[in-house]
Amino acid sequence: MKATAQDGETVDAICWRVLGRTAKVTEQALAMNPGLADIGAQLPGGTVLTLPDIVDAPPETRVTVKLWD
């Protein structure tokens with residue numbers, strides 16, 4: 001997915017605006033766009049980024065431990 005930065009926007013702000021989350025997404029976006037971090041924290045308007053496709057992971061399975069019977 002492609003997204004275009006607004007003037008002064010950060011990568012995590014773009015992830016939040018477009019994808020609705022930043023956790024584990026911002027790092028992927030930086031990895032998918034080599035050299036993006038060299039521009040600086042605030043991107044110039046019109047910078048085009050490739051963002052990861054969001055696939056909701058299944059909920060974590062928790063192990064229940066019984067201390068007493």
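The term salt bridge here means a side-chain nitrogen of Lys or Arg within 4 Å of a carboxyl oxygen of Asp or Glu. By that rule the count is one salt bridge. How exposed is R17? R17 is partly exposed, at a relative accessible area of 38%. E9 counts as buried, with 11% relative accessibility. The cut-offs are under 20% relative accessible area for buried, over 50% for exposed, and partly exposed in between, using a 1.4 Å probe and protein chains only.

Before going on, a word on the source: this is a predicted model, in which local features need pLDDT of at least 70, side-chain atom pairs count only at pLDDT 80 or more, and totals for chains, interfaces and linings use all residues. Residues are numbered from 1 along each chain as its sequence is written, and side-chain values use heavy atoms, with hydrogens and water left out.

Now the overall layout. The chain has three helices and two strands, in the order β-α-α-α-β from the N terminus. These are DSSP runs numbered from the N terminus: helices are H or I with at least four residues, strands are E with at least two. The chain has 69 residues, and 26% of them count as buried. Of the contacts between residues at least 6 apart in sequence, 58% join residues at least 24 apart; contact means heavy atoms within 4.5 Å.

Which residues make up the largest nonpolar core? There are 12: A3, A5, V11, I14, C15, L19, V25, A29, L36, L43, L49 and L51. Helix 1, residues 11–19, gives the most to this core, with four residues. A nonpolar core is a set of buried Ala, Val, Leu, Ile, Met, Phe, Trp, Tyr and Cys residues joined through side-chain atoms within 4.5 Å. Leaving out residues up to four places away in sequence, V25 touches C15, L19, P52 and I54.

N33 sits in the loop between helix 2 (26–32) and helix 3 (36–39). Is N33 buried or exposed? N33 counts as buried, at 11% relative accessibility. A polar atom of the N33 side chain lies 2.8 Å from the backbone oxygen of T50. Not counting residues up to four places away in sequence, N33 touches V48 and L49 as well as T50.

On to M1, in the segment before strand 1 (2–4). M1 is partly exposed, at 46% relative accessibility. M1 and D53 are 52 residues apart in sequence, yet their C-alpha atoms are 6.7 Å apart in space. Again not counting residues up to four places away, M1 touches V18, L19, L49, T50, L51 and D53.

T22 is in the loop between helix 1 and helix 2, and T22 is partly exposed at 33% relative accessibility. Beyond its neighbours within four places in sequence, T22 is in contact with D12, C15, W16 and E27.

Last, L67, found in the segment after strand 2 (48–50). L67 is exposed, with a relative accessible area of 66%.

Technical notes:
Polar contact = N/O pair within 3.5 Å; in protein donor to acceptor, adjacent residues only side chain to side chain.
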